[in-house]
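The structure comes first, then the points by topic.

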Amino acid sequence: MVRLPLTPAEVERGERLGALLRAARGERSMLSVALDAGVSPETLRKIESGRVATPAFSTIAAIAGVLGLSLDAVWAEIDADAAAPGRVAS
């Protein structure tokens, strides 16, 4: 299976996601958050750094749950088009 290159918008959204999760993690260690979410610390590190711009939904749901973030809030924060006038909800 060939994976298509990410668009600039997807890369930017991944960077926003990483920054949001880093900020929400605060002083908690990456290791403890990753283990509590059931993901590897390396996976969390890659997401937070933006190297994994399109992580699996279940991965984000698990991390958000550990950090006390709602998925609606996460999406609202990372989706640049959400605030665009005339946008139709999908």
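Helices (H or I, at least four residues) and strands (E, at least two) are DSSP runs, numbered from the N terminus. The model is predicted, so local features need pLDDT of at least 70 and side-chain atom pairs pLDDT 80 or more, while totals for chains, interfaces and linings use all residues. Residues are numbered from 1 along each chain as its sequence is written, and side-chain values use heavy atoms, with hydrogens and water left out.

**Largest pocket**

- A pocket is an open set of points on a 1 Å grid over the protein atoms alone, where a 1.4 Å probe fits, with protein on both sides within 12 Å along at least five of seven lines; lining residues have an atom within 4 Å of a point.
- The largest pocket holds about 240 Å³ of space, a volume being the space filled by probe spheres set on grid points joined across faces, edges and corners.
- Its lining consists of Arg13, Gly14, Leu17, Ala53, Thr54, Pro55, Phe57, Ile60, Leu71, Val74, Trp75 and Ile78.
- Two or more lining residues come from each of α1 (8–25), α4 (57–67) and α5 (71–78).
- α5 gives the largest share of this lining, four residues.
- The lining has nine nonpolar, two polar and one charged residues, where Ala, Val, Leu, Ile, Met, Phe, Trp, Tyr, Cys and Pro count as nonpolar, Asp, Glu, Lys and Arg as charged, and the others, Gly among them, as polar.

**α1 with α5**

- The axes of α1 and α5 are 9 Å apart, at an angle of about 130°; axes are lines fitted to C-alpha atoms over the stretch in contact, and angles run from 0 to 180 degrees between N-to-C directions.
- α1 is therefore oblique to α5 (under 35 degrees is roughly parallel, over 145 roughly antiparallel, 65 to 115 roughly perpendicular and the rest oblique).
- Arg13, Arg16, Leu17 and Leu20 of α1 meet Val74, Trp75, Glu77 and Ile78 of α5, contact meaning heavy atoms within 4.5 Å.
- This contact has five nonpolar, no polar and three charged residues.

**α3 with α4**

- Helix α3 (residues 41–49) packs against α4 at about 95°, with axes 12 Å apart.
- α3 is therefore roughly perpendicular to α4.
- Thr43, Leu44 and Ile47 in α3 meet Thr59, Ile60 and Ile63 in α4.
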